[in-house]
Amino acid sequence: MIMPITIRAIKKSEPGRMKAASIRIGAIILALVASSLFILLLSLNPADVYIKMIQGAFGTAYRIKETIVKAIPLVITSLGIAIAFKMQFWNIGGEGQIAIGSFAASYFALYMNDMPMPLMLTVMILAGMLAGGLWALIPAFFKAQWGTNETIVTLMMNYIALKWVMFLQYGPWRDPKSLGFPKIANFPQNAVLPKLLGVHVGWVIALILVVVVYIFINHTKKGYEIAVIGESMNTARYAGINIKKTILIAIMLSGGLCGLVGMIQASAVNYTLSVEITGGVGYTAIITAWLAALSAPLILIVSILFAALLEGGSYIQTVFGIPQAAAEILQGIILFFVLGSEFFVRYKFVIVKKHSAIAEKGAD
Amino acid sequence: MEAVISFLHAAIVAGTPLLFATLGEIITERSGNLNLGVEGMMLMGAVIGFMVGLNTESTTLALLAAMIAGAGGALIFAFLTITLRANQVVSGLTLTIFGTGFADFVGQDLIGQIAPESLRLFFRPYTIPLLGDIPFIGPVLFRQDAFVYLGYAASILLGLYLYKTSTGMNLRAVGENPGAADAAGINVTLYKYLHTLLGGALCGLGGAYLSLVYVPALQEGVTAGRGWIAVALVIFATWNPYKALFGAYLFGGLDIIGFRIQNLGIDVSQYFIDMLPYLVTITVLVVVSMRKSREKAGPKACGIPYFREER
């Protein structure tokens, strides 16, 4: 292999904020171009499709509200996922934690609903968070104790949680009044989250949590310890951080936030528990959390944009008759580009002569 | 006795798609790449293999197409993680999302169609002379369809490749310590690319078995989480292709045990039986991690992008 000149990628010392942002925006534009090719394959005009998507997400007051309703679970779940990911704990069990949180909150809403509304909702929120947190604590315990691969365990637990909800819906919790339709009874009025400015109060909870999680990750000792563990287990051990305890606390929080989402979706959106309660949010949130570089304020923005993509996506389905799967492909394309762009944020290219490269290596 | 033989026979059939996906992921992880896109690649293989099979009625072309589809998915992953050094976990998850969308989109007009007659004939059970007559073992192992035999061959060949050839040894070195492998003159990038693509092709084959032989029709989400179980089976099999054979058939048995239990007249909710493979997977992972030993650990550099400058 004789090449006099070669291009080498070198790690940037400190990527500039503006530069990083412009590279990411460039990646999204490229993704839109690639998506356009895909839309052209469907023999549609990409510009038309994009305009309709924006209209579908933000065109009328009603659609804006729908987009916000879609964004709420994404924001909160992404925050939960971000706490775990910050620690390099790959919690892909958001789906299961949402389902179990929803199950616990629903138990009180259905069977112990003899309470005034504020108390009822508080009990449901606590039940949802606690159940989601405990469900996540199982893989966290295995991880902390024996280093068990959490990716697979959290994922397997999603299936178990969903089968459990399915069992309830088709078995003991099935509403006898629903005339053979496998459905759980709707919650009483005192178990439904009230609306504020036309959207259920989940949006207020989400905004508060963005601030709380931001402060927790960036300005508390625990948040810092989580980041250190994520950077390097050895550094954390050397610094005297109680690794096991920190893992358990962080994942309990992570699962607790997902459990809260389960409560909100059951109470304010579905008005009951069902197998469709998670709606894939647990998986989508992984993407949004990552695209937002695990930063709480960015999660808010990315989640709203993603919710708009989903809302706009379902709108173009009805307008152009594009199948649901096309929207998933578009999501995949956009993600691939953004993931790939990280390389150009972290590395720069230099052209070097082969000789100097060898000389440099010898000097290392 | 008849019932036991029929159960074991069916367990092997149900385990075959898991086997291909597990072997694919073993080869991928041996090169140091943790590709969580197995489910997506299986779906891509299932749909493309089915589509080509339906249109050409050729078994060879159908299987080839399924392998190319799986490898195509793996190529996206490989480019992102090897060349661009993107995070492997997130890239793999994205591949699964993309693959699911791709399969739903391409397969939307084919859903519910049945695999063509010629392919079903090709994959009907075939008794191997002599071996098929061995009592008990014969009817269980050697009266299977061609795809199952391909599974036996694939795990033995991969085992020989990994442990008995010099390229296999190089591959293991790349997965354990890419820096040292690079210094020894092994082309790390090439090894990673080739084996990630080969792994994807095997996952594609696993998917094709589901749509062309096991069901044999195209259903939406035909893999039903099998790709994820395969990722866990890799750990269960301790990255060893021979052990993958047993693991896959064991989980194949778990997959079908529900119907059999209910046929015996035992009243257990279907939903609890459905939880079994997942519960067993978790138990296995925990037990494996408790008895941690050197040979049972995975390739050391698995999941870490390799960058020569940071050696």
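A residue counts as buried if 20 or more other C-beta atoms, placed from the backbone, lie within 10 Å of its own, as exposed if 12 or fewer do, and as partly exposed in between. The structure shown is a predicted model, in which local features need pLDDT of at least 70, side-chain atom pairs count only at pLDDT 80 or more, and totals for chains, interfaces and linings use all residues. Residues are numbered from 1 along each chain as its sequence is written, and chains are lettered from A and ligands numbered from 1 in the order in which they are written.

**Figure 1**
S43(A) has a phi near 50°, a positive value in a residue other than glycine. S43(A) belongs to the loop between helix 1 (17-41) and helix 2 (46-58) of chain A; helices (H or I, at least four residues) and strands (E, at least two) are DSSP runs, numbered from the N terminus. S43(A) is exposed, with 6 other C-beta atoms within 10 Å. In chain B, T238(B) is not a glycine but also has a positive phi, of about 45°. T238(B) is placed in the loop between helix 11 and helix 12 (241-263) of chain B, and it counts as partly exposed because it has 16 C-beta neighbours inside 10 Å.

**Figure 1. Chain A as a whole.**
Chain A contains 14 helices and four strands. Its C-alpha trace spans about 80 × 60 × 35 Å along the principal axes. Of its 364 residues, 46% count as buried. Two residues are in contact if their C-beta atoms, placed from the backbone, lie within 7 Å. Among the contacts of chain A with a separation of 6 or more, 80% join residues 24 or more positions apart.

**Figure 2. The packing of helix 3 against helix 12 in chain A.**
Helix 3 (residues 61-86) and helix 12 (residues 296-320) of chain A pack at an angle of about 135°, with their axes 7 Å apart. Helix 3 of chain A is therefore oblique to helix 12 of chain A. Axes are lines fitted to C-alpha atoms, for helices over the stretch in contact, and angles run from 0 to 180 degrees between N-to-C directions. Angles under 35 degrees count as roughly parallel, over 145 as roughly antiparallel, 65 to 115 as roughly perpendicular and the rest as oblique. Residues of helix 3 of chain A in this contact include R63(A), E66(A) and K70(A), and those of helix 12 of chain A include I299(A), F306(A) and E311(A). The residues of this contact divide into 13 nonpolar, three polar and four charged. Here Ala, Val, Leu, Ile, Met, Phe, Trp, Tyr, Cys and Pro count as nonpolar, Asp, Glu, Lys and Arg as charged, and the others, Gly among them, as polar. After helix 12 of chain A comes G321(A), whose phi is positive, near 70°.

**Figure 3. The side of chain A that touches chain B.**
In chain A, 37 residues are in contact with 38 residues of chain B. Strand 1 (5-11), helix 5 (117-146), helix 6 (150-170), helix 11 (281-291) and helix 13 (324-346) of chain A each supply at least two residues of this side. Helix 13 of chain A gives the most, with 12 residues. By class, the side of chain A that touches chain B has 25 nonpolar, eight polar and four charged residues.

**Figure 4. The surroundings of G101(A).**
G101(A) is part of helix 4 (residues 94-111) of chain A. G101(A) counts as buried, with 37 C-beta neighbours inside 10 Å. Leaving aside its neighbours within four places in sequence, G101(A) is in contact with residues including G128(A), G132(A), C258(A) and M263(A).

Helix 2 (residues 38-56) and helix 10 of chain B pack at an angle of about 55°, with their axes 6 Å apart. Helix 2 of chain B is thus oblique to helix 10 of chain B. Among the residues that meet are M41(B), G45(B) and G49(B) in helix 2 of chain B, and G200(B), C203(B) and G207(B) in helix 10 of chain B. This contact has 12 nonpolar, eight polar and no charged residues. The buried residues of helix 8 (residues 166-176) of chain B are L171(B), A173(B), V174(B) and G175(B). They pack against helix 1 (2-30), helix 7 (146-164), helix 9 (178-183) and helix 10 of chain B.

**Figure 5. A cis peptide bond in chain B.**
The peptide bond from V215(B) to P216(B) is cis, and its omega is near -25°. P216(B) lies in the loop between helix 10 (188-214) and helix 11 (226-236) of chain B.
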